[in-house]
Amino acid sequence: EIYEGDILDVGHEDDKTAKPSEVVYKQGGFHLQYGSLSYHFAQSTLHSEYRFEVIGNIYENEELLNES
């Protein structure tokens with residue numbers, strides 16, 4: 001399960017470099033926030049060529065976002 005405030009490691013299935021992204025809720029839906037970029041995050045995204053792994057959350061592991 002993925003929740004608002006989670007930090008995900010997001011990468012393409014062929015890519016070895018994952019990027020920590022925060023899950024935010026805005027404009028009526030969930031988005032992945034990576035720096036100043038934001039991407040709509042839908043259930044169908046979970047079945048795409050990208051891989052997602054919850055590595056923490058903004059409340060306990062905020063430093064993970066600074067490593068990108």
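Strand β1 is joined by 4 bridges to strand β2 (residues 19-26), and the two run antiparallel; strands here are DSSP runs (E, at least two residues), numbered from the N terminus. This is a predicted model, in which local features need pLDDT of at least 70 and side-chain atom pairs count only at pLDDT 80 or more, while totals for chains, interfaces and linings use all residues. Residues are numbered from 1 along each chain as its sequence is written, and side-chain values use heavy atoms, with hydrogens and water left out.

**The sheet**
- An open sheet is formed by 5 strands in the order β4-β3-β2-β1-β5, with antiparallel pairing, where two strands pair if DSSP finds at least two bridges between them.
- The edge strands, each pairing on one side only, are β4 (37-40) and β5 (50-57).
- Strand β3 (residues 29-34) is joined to β4 by 4 bridges, and His31 has His40 in β4 as its bridge partner.

- On the β2 side, Ile7 stands opposite Glu22.

**Asp6**
- Asp6 lies in strand β1 (residues 6-12), and its side chain reaches the backbone nitrogen of Tyr3 at 2.8 Å.
- Beyond its neighbours within four places in sequence, Asp6 is in contact (heavy atoms within 4.5 Å) with residues including Ser21, Val23 and Val54.

Definitions and conventions: Polar contact = N/O pair within 3.5 Å; in protein donor to acceptor, adjacent residues only side chain to side chain.
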